[in-house]
Amino acid sequence: MQHPAVPELAHTTPRPVHWLATATALAAVVAGSSFLQPDHATAAQAGPPAATRTAAPDPKNVDYPLQCGVTAPQIQKKATGDLDGDRSPETVAVVRCASGSGTPPSGVYVIARGTEGKPRVVATLVDPKDRLSVTDFAVRGGAVTATLLGYSSPDVPSCCPDTQDKAKWQWQDGTFVRSEQPAAKSV
């Protein structure tokens with residue numbers, strides 16, 4: 001065994017005074033941290049004051065991508081909420097063309113205020129070309145939910161949808177994403 005060239009240092013052997021100094025320093029840090037606290041947490045996000053927030057867009061003042069002939073598109077249902085987290089509400093509207101009989105297909109459109117303040121369609125969640133009707137429609141917690149009634153084949157009369165599917169859309173990475181849903185069920 002080789003002996004060290006440097007004599008044993010005094011600080012390598014702890015004594016009660018060292019333990020007392022460590023305990024005093026730790027107590028000072030704990031006491032000091034009780035005076036320096038972060039701001040209280042809140043569930044609300046920081047943003048503009050309520051007075052500067054805009055109202056939800058009115059779905060009556062929108063040009064929908066529907067061809068209804070001589071009649072104007074009918075707004076069946078509407079709901080508002082902040083879907084993209086920008087603290088400005090969007091409106092989601094269920095719209096269809098008027099029909100004398102049968103169940104006309106619905107379109108589900110997300111409406112936001114444009115740069116000039118005029119409301120405009122920014123997303124189509126359900127396209128009328130898909131021949132779906134919308135029931136149980138809601139906007140809650142930043143998500144759009146709906147029950148979609150459809151047809152199992154082109155032979156099913158338009159009066160009588162025979163499939164039902166639950167749908168949920170949420171804003172993710174700059175687009176609306178539909179959650180995976182179980183297979184369509186017969187009504």
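Predicted model: local features only at pLDDT ≥ 70, side-chain atom pairs only at ≥ 80, totals over all residues.
**Entry 1**

I began with W171, which is partly exposed, with a relative accessible area of 33%. For my own use I noted the cut-offs: buried is under 20% relative accessible area, exposed is over 50%, and partly exposed lies in between, with a 1.4 Å probe and protein chains only. Residues are numbered from 1 along each chain as its sequence is written, and side-chain values use heavy atoms, with hydrogens and water left out.

Next I looked for aromatic pairs and found two in the whole structure. Rings of Phe, Tyr and Trp (its six-membered ring) pair if their centres lie within 6.5 Å; planes under 30 degrees apart are stacked, over 60 edge-to-face, and the rest tilted. The rings of Y64 and Y109 are tilted, because their planes stand at 45 degrees, with the centres 5.5 Å apart. Y64 is in the loop between helix 1 and strand 1 and Y109 is in strand 3, so this pair ties together parts 45 residues apart in sequence. Helices (H or I, at least four residues) and strands (E, at least two) are DSSP runs, numbered from the N terminus. I found both Y64 and Y109 buried.

W171 pairs with F176 in an edge-to-face way, 4.9 Å centre to centre and with 70 degrees between the planes. Is F176 buried or exposed? F176 is buried, because its relative accessible area is 16%.

**Entry 2**

I then followed the strands here. Strand 7 (residues 163–172) pairs with strand 6 (residues 143–150) in the antiparallel sense, over eight bridges. I counted two strands as paired if DSSP finds at least two bridges between them. One position I checked was V144, which stands opposite W169 in strand 7.

Strand 7 also pairs with strand 8 (residues 175–178), again antiparallel, and there I found four bridges. Q170 has V177 in strand 8 as its bridge partner. These two strands make a hairpin with two residues between them, and D173 in the turn has a positive phi of about 50 degrees.

**Entry 1: other positive phi values**

Most residues other than glycine have a negative phi, so I looked for exceptions. R131 has a phi near 55 degrees and is found in the loop between strand 4 (119–126) and strand 5 (133–140). With a relative accessible area of 32%, R131 is partly exposed. I also saw that its charged end sits over the ring of Y151, 4.3 Å from the ring centre. For that I required NZ of Lys or CZ of Arg within 6 Å of the ring centre and within 35 degrees of the ring normal.

D136 was another, with phi near 45 degrees. D136 lies in strand 5, and I noted it as exposed because its relative accessibility is 55%.

Which strands form the open sheet, and in what order? I found four strands in the order 1-2-3-4, with antiparallel pairing. Strand 1 and strand 4 stand at the edges, each with a single partner strand, so one side of each has no neighbour in the sheet. The twist averages 25 degrees from one strand to the next, with axes taken as lines fitted to C-alpha atoms (for helices over the stretch in contact) and angles running from 0 to 180 degrees between N-to-C directions.

I looked in particular at strand 1 and strand 2, which pair over seven bridges. There I75 stands opposite V95 in strand 2.

**Entry 2: the disulfides**

How many disulfides does the structure hold? I found two, taking a disulfide as a pair of cysteine sulfur atoms within 2.5 Å.

One joins C68 to C97, with S to S at 1.9 Å. This pair links distant parts of the chain, 29 residues apart: C68 in the loop between helix 1 (16–35) and strand 1 (74–81), C97 in the loop between strand 2 (90–96) and strand 3 (107–113). Both C68 and C97 are buried, and their link is left-handed, with -75 degrees about the S-S bond.

C159 and C160 are also joined, with S to S at 2.4 Å. This link is left-handed too, at -75 degrees. C159 is partly exposed at 46% relative accessible area, and C160 is partly exposed at 40%. Numbering the bonded cysteines in sequence order, I wrote down the pairing as 1-2, 3-4.
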